[in-house]
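Colleague: Hi! Could you walk me through this one? I'm still new to reading structures.

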Amino acid sequence: MIELAVGIFNGIGIGSVLLIAALGLAIVFGLMGVINLAHGELMMLGAYATFVVQNVFRDLDAGDGVFGLYIIVALPVAFLVSAIAGLILERGVIRFLYGRPLETLLATWGVSLILRQLVRSVNWLLTIAILLFCALFFGGMWLLRRRPNWEGMKGWAIAILLPLSLAIAGVAGWAMTGNAALARPWFGPRNLDVRTPPWLRGGFELGAYRLPYSRMFIIVLTILCLVGIYWFFNRSDWGLRIRSVTQNRNMSACLGIPTGTVDALTFALGSGLAGIAGCAITLLGSVGPNVGQNYIVDTFMVVVVGGVGNIFGAIIAALTIGVSTYLLGSGALARVFEDINSLQFVAEFLRFFTSTSMARVMVFALIIAFLQVKPSGIFPQKGRTAEL
Amino acid sequence: MNKGLGRRKFLWYGSAAFGTSLILKACADPNSPTTAGAGANGDTIKVGILHSLSGTMAISETTVVEAEQLAIQEINANGGVNGKQLEVIVEDGASDWPTFAEKAEKLIDQDGVAVVFGCWTSASRQAVKDVFETRDHMLWYPVQYEGQECSKNIFYTGAAPNQQIEPAVQWLLDNKGDEFFLVGSDYVFPRTANTIIKEQLAAEGGTVVGEDYIPLGSTEVTPIIARIQQALPDGGVIFNTLNGDSNVAFFTQMQGAGMDPERYPVMSVSVAEEEVQQIGVDLLVGHYAAWNYFQTVETPENETWVEAFKAEYGQDRVTNDPMESAYLMVYLWKQAVEQAGDAYDLEAVRAAAIGQSFQAPQGLVTMNENHHISQMVRIGQVRDDGLFDIVWATDDRVDPEPWNQYVPETQGYGCDWSDPNKGGRFRLDEA
C-alpha cells in the first residue's frame with residue numbers, strides 16, 4: 001500500500017516537472033501558434049535568475065535563516081526576467097514572423113543558440129558593448145525617424161548606422177579588454193550550484209521511504225501555476241482579450257482590442273512561466289548553459305500528446321508520461337506481472353525495459369504509437385479556435 | 001508570393017554585414033594564435049592543444065587546457081626544450097567528435113605540430129585515433145578511461161581500469177559490503193566500466209543487485225532512486241559512473257530521499273575536486289572517489305604545483321586528477337624529446353618516451369612499453385571543504401593494463417610498443 005502511494009507520488013513528481021516546463025510552451029503554441037524553440041533557454045534564464053537571487057541572499061544571511069527564503073523571491077524574479085526576455089524576443093523577432101511557422105522555428109532556434117552562448121560569455125565588457133551598440137543604433141534610428149523623408153532613407157540609414165555602431169561598440173570593447181575585472185565572465189561555461197533551501201532538503205517519512213519536500217514543492221508550484229493561469233484567462237480582462245484575439249483577430253481589432261499588445265502579453269506570460277519552471281528545476285539539478293536543452297524535447301512531447309492549445313490536455317499528457325516513465329523505469333510494472341504466472345512473458349518483456357534509458361525509449365515508442373491513432377493529441381483542436 | 005527581400009535591399013544588407021564582419025575581424029583578439037608560417041621554422045617547436053572550449057565538455061576540458069598551458073609556460077620560462085621555445089596552437093573541438101577529427105587533421109597537416117595534447121571523452125579520442133594512426137602522428141591523452149585500446153600513436157597518462165576501477169571495487173568489497181548497484185550515464189565508458197566491474201565481482205565474490213543508465217545530461221533520476229531502494233532496502237554500495245549534470249540530480253535526490261553516505265556509500269570515478277564544487281559540497285560529504293591524484297596528496301611537488309596553479313588562475317581554484325595527468329604528460333613528452341634530440345622525429349620521440357620517469361605532483365610516474373603510465377591509486381572521501389581525505393592508497397605504483405584481465409575477450413592479452421614482434425595486442429603467454 002505504501003509502495004503504491006510512493007509510486008504514485010514519484011510518477012506525479014516526474015509529471016509535474018514535465019508539466020511546469022511545458023505550461024508556457026503550451027500557451028504560446030496553443031494561443032499564438034508559435035513554435036518557440038528558445039523555450040528551454042527562457043527556462044535557463046529563470047534558472048540563472050534564481051542563482052543570482054540565491055547569491056544575494058547568501059550575502060544577506062547572517063546566520064538567521066534568511067537564506068532559506070530566497071526561493072520565494074526567486075520565483076517572481078525568475079518570472080520577470082524570462083517574461084522580459086520573452087517580450088524582447090516577441091517584439092524584436094517573432095512579431096515579424098507570425099503565420100510563418102518554419103521561419104519562426106529557425107529564428108527561435110537561432111535565438112536559443114545566442115542565449116546559450118550569451119550566458120557562457122557574458123561579462124561587463126560585453127554588457128557595455130551591447131548597451132553602447134543599442135544606444136548608438138537605436139538612438140540614431142530614433143533621431144532619424146523624425147526626418148520627413150524617413151521612408152526614403154531607411155535603407156541607407158540602416159546600412160550606415162549598423163556597421164558604424166557595431167564598429168564603435170567593438171572598438172570600445174576591444175579597448176577595455178585589458179581590464180581583468182570587466183573581462184571576467186559572470187557565469188562562464190561551468191555549471192553552477194544552486195543550493196536547495198534548508199527547509200526543502202528533507203523529506204516526509206513514509207515507512208521505509210521518504211518523499212522529498214523539493215518534489216512536493218514542485219507539485220504544489222505546478223498546481224498554483226495552473227490555478228493562476230485558469231484565473232487569468234477566465235476571470236481577468238486581459239485574459240478575455242487574449243481569448244478573443246485568438247478566436248478572431250480581425251473582429252477583436254475592430255472592437256478596439258490592441259492585438260499587438262495582446263500578442264506581446266501572451267508571449268511574455270508564456271515566457272514568464274518558463275522562468276518559473278527554470279526556478280523549479282534548480283531544485284533538481286544544477287544551472288548551466290545547456291539546462292534548457294535537457295527539457296525541450298520532453299516539453300514538446302507533452303504539448304503534442306496533450307493536443308495543441310489545450311492546457312487540460314497538457315496536464316493529462318504530462319501526468320501520463322510521468323507515471324508511465326516511472327512505472328517502466330523503476331520496474332514497478334514488471335513486478336506486478338511477475339506475480340501472475342500466466343503472464344511471465346510480459347514481465348520478462350517489461351524487465352528488459354526496466355532502466356531509465358530504456359524506459360525513455362519505451363515511452364517514446366508508445367507516444368509514436370499513440371500519435372498514429374490520434375494524430376492531434378488527446379484533445380484535438382476543434383476548428384480554428386483554441387480552447388482552455 | 002511576396003518576393004520579400006528585393007535585390008537592392010539584399011545588396012545593401014549584404015554589404016553592410018560583410019563590412020561589419022571585416023571590421024570585427026580586424027578587431028579580433030590579437031593574442032589569438034595565428035596559423036601563419038606553418039612548419040618547423042627552427043627556433044620554436046609547435047605543439048597543439050585540442051580540447052573542447054565550447055559545448056557540454058567545455059566545463060571539464062578548459063581546466064585541462066589550463067594545466068597544459070601552465071606546464072608549457074613553465075617549460076618556456078626554464079629555457080624551453082633543447083633550447084627551443086614551445087609555440088602553442090589551441091584548437092576547439094567544440095564537444096563534437098567530427099570537429100575533433102577535423103581539427104586534429106588541421107593541427108597535423110596545416111600547422112605542422114610536433115605533438116598534440118588533447119581529448120577528454122572516449123568518443124573524441126576514438127574519433128581522432130584514425131587521424132593520428134593514418135598520419136603516424138602523436139597524441140597525448142590525459143583522462144582516465146575504460147581501457148581495451150592500445151594505440152602506437154597515443155600516450156595515455158590517465159588511469160587504465162586496473163589503476164582506478166578495479167582497486168576501487170576491491171576496496172569496497174573489503175570495507176563496504178558486497179552488494180553493488182551500478183549507476184551510469186548511457187555511453188561507452190560507463191557501460192565498459194560496468195562490464196569490467198561485473199566480471200570482477202563475479203570473480204571476487206560480490207553481487208550486482210541492479211544496474212541502470214540514464215541519458216547524458218538527463219536530470220530525471222527518480223526511477224533509479226526507487227530501484228536502488230527496492231534492491232538495497234538496508235543499504236549497500238553504489239558504484240557511480242555518471243557524468244556531468246546527471247550527478248547533480250542524482251546526489252540531490254539521493255539526499256532528498258534520505259539515503260545517507262553511511263548506509264549508501266557512493267563510489268564515483270568521474271567526480272573530482274572540480275566536479276565537487278559544481279555538484280555542491282554538502283551533497284557529497286562522506287561519499288568516495290577513486291583517482292590517482294587528489295589535491296590533498298602530500299608531496300613537495302604537489303605543494304609547488306597547487307601554488308603555481310592558484311597563482312596563475314585564482315586562489316579559489318582547485319586542482320584535480322585529469323589536470324594533473326595533463327600537466328605531467330607535457331613534462332614526460334619534454335623529457336622524451338630531449339632524449340630523442342629532435343621533436344619532429346616522431347619515431348625517435350616515441351621510442352624515447354618509453355621508460356621516462358617524472359616526479360609528478362602525485363608521485364613518481366613512469367611511461368611503460370604499452371604507452372600507459374605506472375602510477376599510485378588512491379581513494380578519497382569528500383570532506384567539508386570540498387577536498388578529499390585520502391582514506392586508502394596502494395602501497396606501490398600499479399602497472400597499467402590496457403587490456404582488461406577480468407573480461408574474457410581480452411584476458412591474457414598485453415601491449416608492448418618497444419618490441420615490433422608484439423605490438424598493440426599480443427598473447428601474454430606466447431611472449
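Colleague: What is the mean pLDDT of chain A?

Modeller: The mean is 88, and 98% of the residues of chain A reach 70 or more. pLDDT is the predictor's confidence in each residue, from 0 to 100.

Colleague: And where is the pLDDT below 50?

Modeller: Over residues 383-388 of chain A, a stretch that has twelve contacts in the model beyond near neighbours in sequence. A contact means heavy atoms within 4.5 Å. Where pLDDT is low, the predicted coordinates should not be read in detail.

Colleague: Okay, new topic. What is the strand order in the open sheet of chain B?

Modeller: The order is β11-β12-β13, three strands with antiparallel pairing. β11 and β13 of chain B stand at the edges with a single partner strand each, so one side of each has no neighbour in the sheet. Strands here are DSSP runs of E with at least two residues, helices are runs of H or I with at least four, and both are numbered from the N terminus. Two strands pair if DSSP finds at least two bridges between them.

Colleague: How many bridges hold β11(B) and β12(B) as a pair?

Modeller: Four, and B:Ser357 stands opposite B:Thr366 in β12(B). A hairpin through two residues joins these strands, β11(B) and β12(B).

Colleague: What about the pairing of β12(B) with β13(B)?

Modeller: That pairing is antiparallel too, over two bridges, with B:Met367 partnered by B:Ile373. Their hairpin has five residues between the strands, and B:His371 in the hairpin takes a positive phi near 65°.

Colleague: Is β12(B) mostly covered or uncovered?

Modeller: Mostly covered: four of the five residues of β12(B) are buried. Buried means under 20% relative accessible area, exposed over 50%, and partly exposed in between, using a 1.4 Å probe and protein chains only.

Colleague: Over to chain A. Is A:His39 buried or exposed?

Modeller: A:His39 counts as buried because its relative accessibility is 1%. A:His39 lies in helix α2 (residues 39-60) of chain A, and its contacts beyond four places in sequence include A:Ala21, A:Gly270 and A:Ile296.

Colleague: And what does A:Glu41 touch?

Modeller: Not counting residues up to four places away in sequence, A:Glu41 touches A:Ser112, A:Leu115, A:Arg116 and A:Gln293. A:Glu41 is also in helix α2 of chain A and is buried, at 0% relative accessibility.

Colleague: Last one! How many salt bridges are there over all chains?

Modeller: There are 31, where a salt bridge is a side-chain nitrogen of Lys or Arg within 4 Å of a carboxyl oxygen of Asp or Glu. One of them joins B:Arg227 to B:Asp212, with the closest N and O atoms 3.3 Å apart. That pair links helix α7 (residues 222-231) and strand β7 (residues 207-214) of chain B.

Colleague: Are B:Arg227 and B:Asp212 buried or exposed?

Modeller: B:Arg227 is buried at 15% relative accessible area, and B:Asp212 is buried at 0%.

Notes:
Residues numbered from 1 in each chain as written. Chains lettered and ligands numbered in written order. Predicted model: local features only at pLDDT ≥ 70, side-chain atom pairs only at ≥ 80, totals over all residues. Heavy atoms only, no water.
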